[in-house]
Amino acid sequence: DQKATEQLTRTLRGVMRVGLVAKGLLLKGDLDLELVLLCKDKPTAKLLEKVADNLGVQLAAITEDKYEVIQSVGDAAIVIKNTKEPPLSLTIHLTSPVVREELEKQLAGETLSVTDSPDVLDRQKCLAALASLRHAKWFQARANGLKSCVIVIRVLRDLCTRVPTWAPLRGWVIPSLLPFPGG
């Protein structure tokens, strides 16, 4: 009972790796990592500030290494950078499934009388974070079990980085070109 009540009242619901790290496609030199932080309700600037402040405190408590915690309200994200070489960067995007549900209701023609707080984070940034979650889940379901597929994608990513002719295939294009069983 207590756990169920706690789950209903908890503002932050979970965190998931997205992007290259979630897909197992990191190459040497990939220094930008991404996470998505799922919230119960639409994320606000106040929540972003609270999470960023708490992250700074927690990082200081668990390590002597110095990290810079940057709040980016415009990007609906928190960026954490280390202060030594190589310069690693972790971007934490805040979002909520409520953002997509509200959009689906609008597209279905339902009238909504939702009055958002003035500091709600940008809807498009939150939708983009939800899309990156779907991409990561799709990839994990389709390709992660196929070791050869992941290796081929890594090789193609390396080619895109090293050979300018291959550069247009960067990003989401490469995995979508490969045939997956049942896809």
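When I say two residues touch or meet, I'm talking about contact, meaning heavy atoms within 4.5 Å. Okay, what you see above is a predicted model, where local features need pLDDT of at least 70 and side-chain atom pairs count only at pLDDT 80 or more, while totals for chains, interfaces and linings use all residues. Residues are numbered from 1 along each chain as its sequence is written, and side-chain values use heavy atoms, with hydrogens and water left out.

So, confidence. The pLDDT, the predictor's confidence in each residue from 0 to 100, averages 85 over the protein chain, and 89% of the residues score at least 70. Confidence is lowest in helix α1, residues 2-9, with a mean of 59, and highest in strand β5, residues 89-95, at 95. Helices here are DSSP runs of H or I, at least four residues, and strands are runs of E, at least two, numbered from the N terminus.

Now let's look at Leu12. You'll find Leu12 in strand β1, residues 12-18. Leaving aside residues up to four places away in sequence, Leu12 touches Leu37, Leu38, Cys39, Leu47 and Val51. And Asp41, 29 residues from Leu12 in sequence, sits 8.7 Å from Leu12 in space, C-alpha to C-alpha.

Last stop, two helices. Which residues of α4 meet α5? Pro97, Val99, Arg100, Glu102, Leu103 and Gln106 do, and on the α5 side it's Arg123, Cys126, Leu127, Leu130 and Arg134. Thanks, everyone!
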